[in-house]
Amino acid sequence: MVELETLKPFFAERQDVLNEILGRYPDYGRRSAVMPLLWEVQREERQVNEARIHEIAEILGIQPTEVKGVMSFYSTYHEHAIGKYHLQICSTLACSLAGSDEMYDFISEETGLVNGETDRQGLFSIQKVECLGSCTTAPVLQVNDTYYERVGKSRCQTLLEAFRRGEMPEPWRERYGDNEGAEKAKPLQNTIKTGGNA
Amino acid sequence: MKVKVNDVELDLAPGTSAIDAVFAAGYDVPYFCSQEYMSPIGACRMCLAVVGAPRKERDGSWTMDEATGQPKIFYFPNPMATCTTAIMEGMVIDTLSDVTKKAQGGMMEMHLINHPLDCPTCDKGGACELQDRAYEYGSGHSRFIFDKRHNEKHHALSELITLDRERCIHCKRCVRYFEEVPGDEVLDFIERGGHTFIGTVEEGLPSNFSGNITDICPVGALLDTTSRFRGRNWEYDHTRSTSLDDASGSAITIDARTGRIERIKAALNTQVNKNWIDDGTRFGHEYAASSDRIKTPMLRKNGKLEPVTWEEATLFISEKLKKLSDNQLGIALRSDATLEEGVAAKSLAEYLKTGQIDHYPRYASSVISANPASFNDLATAGAIFVMADATEEVPMVDLRIKDALKGVTPPTLMAHGVPIADLRLKERMPRKTNILSVAAPYRVDLMKYAAHSMVYPTGTEVEVLKQIIDASTDAGKALKESLSAAEKAVIVLGAFVLNSAEASKLADDLAKATGAKVMKLGAMANSFGLESQDVLPAKADYSYPNMLSGSAKALIVSGLNPAQNAEVAQALLKLELLVVHDLFENETTALAHVVLPAKSGYEKEGTVVNLEGRYLNVNPAPVDGGQAVDFTGFVKELGDALNERLEGRSVRSARRLLKKSLELDLSELPLEGTIASAKAGKVAGLKTNTSGNALLVPSMVRSEYLNRNAHLFASTGGNALRLHPADAASHNLSAHDVISVSVGGFKRRLSVQPSESVPEGMMLLPALPDQPVGLVQLDLNSIKKEQVALEVA
């Protein structure tokens with residue numbers, strides 16, 4: 001028999017966060033809080049599973065289908081847990097011309113994954129994304145929230161090896177820019193909770 | 001406002017959309033996303049046209065064109081989507097220019113890029129907007145050399161609706177429909193860009209009006225599962241008729257092929273159902289094509305029913321009738337019998353000198369209001385008080401109330417009909433929920449949309465109404481004030497009120513005191529008409545329940561199955577003659593001397609009067625019913641056996657009679673019907689239970705036919721016994737158990753549905769025509785579990 005663990009409501013212990021988010025919007029615009037709530041869950045759990053979709057819908061008094069509709073529009077939100085290293089390969093024009101397809105092929109071959117997949121160990125997820133805004137230093141690979149620029153084959157190999165050792169190399173940035181944005185991801189934990197349906 | 005479309009000059013009301021101007025001028029532009037009664041959003045970009053308008057100088061004068069001396073037309077830099085463009089004074093719309101044609105052709109090509117073009121196997125083929133428009137505006141060949149997008153072809157959105165994701169062109173009609181019309185946002189776009197598809201997280205589209213999306217889908221993406229792969233559009237006989245499923249008189253189109261009904265679609269009646277029908281009406285037609293229909297008359301010979309000719313059957317009946325003295329014969333019709341059938345039954349009763357004639361189910365008080373509200377009154381009301389389970393009794397009332405919540409009056413019809421793009425409608429309009437108050441003995445669906453709702457203890461309608469009339473509670477006072485203050489107020493009364501003469505009287509008093517109009521929800525499709533035609537017993541002792549318990553020596557029943565009650569069945573055995581006119585063999589036909597084949601509501605010709613008092617024609621679809629006749633046909637056959645030309649022996653003869661009394665020619669009714677005033681009949685002789693542990697409630701899905709409506713059965717799980725989870729636990733019942741139980745003498749088979757919306761200590765089960773809405777005793781000791789739900793470990 002499979003023991004099903006009841007998923008605790010995400011915002012039950014985060015009433016202050018919830019109130020802060022809801023407080024940003026007037027009552028008639030309560031539904032607007034769908035984005036920050038989704039992001040809160042995604043940041044914490046590295047996924048937004050169906051139970052969370054229903055929870056957010058209930059908080060906002062809208063249908064779960066609507067939450068799903070918003071969520072699926074953005075590639076930032078994931079229905080299933082993403083790996084410890086989320087490899088996001090820019091595939092828009094500049095990177096594409098500079099060889100992002102080759103980078104994708106190389107990563108794909110190395111990891112045995114294709115676009116949108118996560119490996120069984122939960123180590124890597126790979127995803128083709130649209131422009132990362134660093135066209136002058138194409139091709140760009142974004143790993144979680146860290147930018148690696150001009151990623152050729154050898155650099156890519158070095159990176160993957162580092163990740164396999166569990167390291168997170170310093171960002172390779174040529175110009176200004178920081179990786180300490182307002183919405184920096186929470187530090188990785190060793191065990192990743194996968195929630196209900198993963 | 002003066003507008004010029006190509007060469008036609010028009011004078012239209014401000015606020016009209018440019019697309020409507022084009023159609024009003026008699027020209028055409030293609031469109032997929034606009035839909036009557038829904039907001040225009042300009043999603044498909046098909047209705048592009050070159051549009052221009054004159055400009056004003058600062059001093060308010062027109063900027064003139066020096067060459068012509070006329071106001072100069074400034075054209076928009078690009079072709080405009082005419083559906084989202086409002087007309088302006090002096091606007092010029094050009095739908096014939098090469099720029100327009102090229103733009104429309106380009107959009108057409110774009111729509112077809114990912115469309116599978118599987119028209120030969122598509123159910124929509126032949127009635128498909130995309131197909132038609134591709135012929136009219138497409139280029140005829142494809143330049144798209146790449147692989148098309150592939151996606152799921154047979155996705156069951158629910159038991160009733162199948163989605164083909166490849167065919168979808170993302171017009172968003174279905175998504176908008178759910179938000180704007182019934183207000184249940186159960187469908188949305190998922191993903192984005194080229195990957196977009198429509199989908200839902202909820203299971204099985206939880207909405208009572210989901211089927212309408214199959215009508216409005218411009219392609220074959222959303223299909224009615226009951227009719228999938230059953231026929232091509234050009235093979236169907238399309239019969240416009242009126243639904244006999246509830247008292248709304250909704251317009252439907254019956255699509256039949258080779259003598260079988262395959263599909264019901266909504267038809268347009270701007271005054272009643274607009275473009276919409278509920279799921280019970282749309283998907284509840286399968287019973288009519290059931291293989292076990294009675295197709296010939298049958299006569300009991302040596303204890304067994306044997307097929308006979310109509311002559312033999314009616315001769316037998318006439319011989320028996322001749323032996324009866326006055327007032328010994330009872331005649332009962334089901335309340336969805338047509339007016340013509342009512343007239344026929346009355347003339348037969350008159351000829352046979354019996355006062356025992358009745359229609360059933362009916363309520364203890366009249367369904368004809370002194371100050372009746374029409375659907376349009378309801379849709380434009382400023383305050384609405386619903387004391388009913390309106391969604392289940394007459395679903396259209398639910399939808400029209402939601403119109404009132406949006407606060408947009410029904411559109412004015414234009415030369416080409418309903419405006420295609422009504423610019424007053426928007427996506428996600430705020431709803432004026434505070435104008436709606438709902439009271440019912442359990443949580444009803446409409447309460448989700450009402451600012452004020454009240455669940456009162458079953459059977460306390462009188463007390464609730466007194467509280468409002470006397471303004472003795474805060475809520476009652478507020479409600480009475482809002483009804484009085486509103487310019488147009490409507491009170492909707494359902495079975496729970498109409499079942500009690502006292503409560504009805506109080507509700508009428510409340511209406512008088514507040515100046516509100518009253519909408520009374522009749523029990524069945526023609527409750528209003530049969531009452532207004534006085535198909536009622538001559539005295540209270542002759543009512544239908546009395547006929548069953550001994551006042552009649554012989555009985556002719558049409559569409560009713562009283563023998564489900566074991567006690568009544570015993571009484572029926574004593575009858576000298578029992579004639580049953582019905583669709584299927586049942587408990588009563590098992591006792592009958594003569595069984596006659598009846599027509600279903602889709603095969604009848606006749607007239608019904610809906611709850612507004614609107615006379616509407618019912619037209620027969622070509623369905624193979626064997627030797628089935630309606631009640632007028634039966635009267636003719638019986639008249640032949642009696643050597644008498646009885647009035648009401650045909651629809652024509654009945655209409656001749658009705659023409660005299662109504663001053664209305666029922667064979668020449670307009671499509672949208674005619675409202676005529678009517679007086680309340682003398683309804684009497686019905687007793688209602690005032691105690692019981694279960695409540696029979698109205699049901700949108702016809703519970704008597706649910707077993708024969710396979711798809712509806714699968715979607716609803718069968719007739720449900722709803723009870724509070726705590727009660728379910730104490731009766732040792734769990735969700736999805738199928739039980740048989742004795743309810744007020746009827747053996748009912750029900751599937752258990754624990755629900756928080758039911759008050760503790762009360763059980764709800766759907767009413768039957770023979771066991772109408774009201775309290776009843778459910779024998780808890782008689783519960784037998786027939787199927788036990790699978791337990792998840």
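In S24 of chain B, B:Ile556 is the bridge partner of B:Ile331. That pair is my way in. Keep in mind that this is a predicted model.

Is S24(B) covered or open? Mostly covered. The strand spans residues 554-558, and five of its five residues are buried. Look at the side chains' directions. B:Ala554, B:Ile556 and B:Ser558 point one way. B:Leu555 and B:Val557 point the other way. Both sets are buried.

Together, S24(B), H18 and S25(B) make a right-handed β-α-β unit.

Next, the chain contact. Chain A puts in 12 residues, and chain B puts in 12. On the chain A side, the elements giving two or more residues are helix H3 (50-60) and helix H4 (64-73). H4(A) gives the most, with seven residues. By class, that side of chain A has five nonpolar, four polar and three charged residues.

Last topic: backbone geometry. Most residues other than glycine have a negative phi, and most peptide bonds are trans. Here are the exceptions I picked.

Two cis bonds to start. The bond from A:Ala138 to A:Pro139 is cis, with omega near -5°. A:Pro139 sits in the chain A loop between strand S2 (124-129) and strand S3 (141-143). In chain B, the bond from B:Tyr360 to B:Pro361 is cis, also with omega near -5°. B:Pro361 is in the loop between strand S18 (356-360) and helix H9 (375-379) of chain B.

Now positive phi. B:Phe229 has phi near 60°, and it is not a glycine. Its loop runs between strand S11 (222-224) and strand S12 (237-242) of chain B. Buried or exposed? B:Phe229 counts as exposed, because it has 10 C-beta neighbours inside 10 Å.

B:Asp534 is another non-glycine with positive phi, about 65°. Find it in the loop between helix H16 (527-532) and helix H17 (544-551) of chain B. B:Asp534 has 15 C-beta neighbours inside 10 Å, so it counts as partly exposed.

Note on methods. Residues numbered from 1 in each chain as written. Chains lettered and ligands numbered in written order. Predicted model: local features only at pLDDT ≥ 70, side-chain atom pairs only at ≥ 80, totals over all residues. Helix = DSSP H or I, 4+ residues; strand = E, 2+ residues; numbered from the N terminus. Buried ≥ 20, exposed ≤ 12 C-beta atoms within 10 Å, placed from the backbone. Contact = placed C-beta atoms within 7 Å. Nonpolar A, V, L, I, M, F, W, Y, C, P; charged D, E, K, R; others polar. Pairing = 2+ DSSP bridges. Right-handed = clockwise from strand over helix to strand, strands pointing away.
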